[in-house]
Amino acid sequence: MLFATVAALDILGIPALTSLVQGILLIFAQILAGLVVFAIGLFLANLAFNIITSSGNSQALILGQVARIAIIVLVSAMALQRIGIAHNIVNLAFGLLLGAIAVAIALAFGLGGRDVASEQVREWLNSFKIRG
């Protein structure tokens with residue numbers, strides 16, 4: 001229908017309306033492409049969840065949910081970028097999210113493994129003292 005409208009407006013010789021309808025058609029195409037990317041991502045997220053939970057491990061449900069959420073977040077960013085919504089904002093938000101996750105893991109490992117790390121450092125210092 002939109003293609004016929006573009007052709008009719010082009011025949012009528014109304015360039016302003018022709019460019020307006022072409023712009024609307026382009027926006028619809030971008031939205032459709034973003035929805036297709038998101039739909040494929042949802043399918044893959046559920047597939048990964050089902051594969052992980054079918055392994056039967058004790059933590060399979062938690063790992064499956066983490067994988068599902070991570071895939072959905074990644075695919076959401078890809079779909080928004082495909083639609084054309086604020087490329088810089090999506091890139092910045094995704095980068096900040098990954099950075100925050102890395103800092104959280106580093107803090108959790110550092111604070112949780114403080115005793116183990118102090119033992120390891122003591123062993124290293126003792127090995128240096130014996131050699132020196």
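View 1. Ile31 has a relative accessible area of 34% and counts as partly exposed, a class that lies between buried (under 20%) and exposed (over 50%), judged with a 1.4 Å probe and the protein chains only. The model is predicted, with pLDDT of at least 70 needed for local features and 80 or more for side-chain atom pairs, while totals for chains, interfaces and linings use all residues. Residues are numbered from 1 along each chain as its sequence is written, and side-chain values rest on heavy atoms, without hydrogens and water. Ile31 belongs to helix H2, a helix being a DSSP run of H or I with at least four residues, numbered from the N terminus. Between the C-alpha atoms of Ile31 and Ile62 there are 33 Å in space, although the two are 31 residues apart in sequence.

**View 2. The nonpolar surface patch.** Leu12, Ile14, Leu17, Leu20, Ile24, Ile27, Phe28, Ile31 and Leu35 together make a nonpolar patch of about 810 Å². Its members are nonpolar side chains joined within 5 Å, each with over 30% relative accessible area by the Shrake-Rupley method with a 1.4 Å probe, and without a salt bridge (a Lys or Arg side-chain nitrogen within 4 Å of an Asp or Glu carboxyl oxygen). Helix H2, residues 15-53, supplies the largest share, seven residues. Ile24, which also lies in H2, is partly exposed at 35% relative accessible area.

**View 3. Arg68 over the ring of Phe49.** The charged end of Arg68 sits over the Phe49 ring, 3.8 Å from the ring centre, where the limits for Arg are CZ within 6 Å of the centre and within 35 degrees of the ring normal.

**View 4. Val6 in helix H1.** Val6 lies in helix H1, residues 2-12, and counts as buried at 13% relative accessibility. Val6 and Asn57, 51 residues apart in sequence, are separated by 57 Å from C-alpha to C-alpha.

Terms used:
Patch = residues over 30% accessible without salt bridge, like charges linked within 9 Å, V, L, I, M, F, W, Y side chains within 5 Å. Helix = DSSP H or I, 4+ residues; strand = E, 2+ residues; numbered from the N terminus.
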